[in-house]
Amino acid sequence: MATYTFPDDLLQAQRDWYAAYRELAEDQSSSQTTVLRRRLQRLSVRITTHPYWASAPGSVPAARVALKEAAWDDERGC
């Protein structure tokens with residue numbers, strides 16, 4: 001199994017994605033829906049086009065899952 005060392009900016013972008021997604025899910029008013037959806041789109045592009053993926057060890061799909069898990073653990077304080 002490959003070990004991944006993600007750049008700080010990539011990890012931060014994934015954490016920001018989770019935060020925006022959570023805010024969108026919790027938002028009861030529609031005032032911020034468009035803003036949050038656009039933020040999610042921008043963050044998704046930033047994450048998927050990051051230069052790290054060109055040199056990621058092992059398979060990129062496995063690395064993506066590892067990135068999500070690492071960011072999620074950071075969010076939960078693990």
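Leaving aside neighbours within four places in sequence, which residues is threonine 33 in contact with? They are Leu24 and Asp27, where contact means heavy atoms within 4.5 Å. Keep in mind that this is a predicted model, where local features need pLDDT of at least 70, side-chain atom pairs count only at pLDDT 80 or more, and totals for chains, interfaces and linings use all residues. Residues are numbered from 1 along each chain as its sequence is written, and side-chain values use heavy atoms, with hydrogens and water left out.

**Threonine 33 and the helix pair**

- Threonine 33 sits in helix 2 (residues 33-48); helices here are DSSP runs (H or I, at least four residues), numbered from the N terminus.
- Threonine 33 is buried, at 18% relative accessible area (buried is under 20%, exposed over 50%, partly exposed in between, with a 1.4 Å probe and protein chains only).
- Helix 1 (residues 8-26) packs against helix 2 at about 155 degrees, with the axes 9 Å apart; axes are lines fitted to C-alpha atoms over the stretch in contact, and angles run from 0 to 180 degrees between N-to-C directions.
- That makes the two helices roughly antiparallel (over 145 degrees).

**Aromatic rings**

- The whole structure holds seven aromatic pairs; rings of Phe, Tyr and Trp (its six-membered ring) pair if their centres lie within 6.5 Å.
- Tryptophan 17 and tyrosine 18 have ring centres 5.9 Å apart and planes at 80 degrees, so they pair edge-to-face (over 60 degrees; under 30 is stacked, the rest tilted).
- Tryptophan 17 is partly exposed at 22%, while tyrosine 18 is buried at 14%.

Key: Angles under 35 degrees count as roughly parallel, over 145 as roughly antiparallel, 65 to 115 as roughly perpendicular and the rest as oblique.
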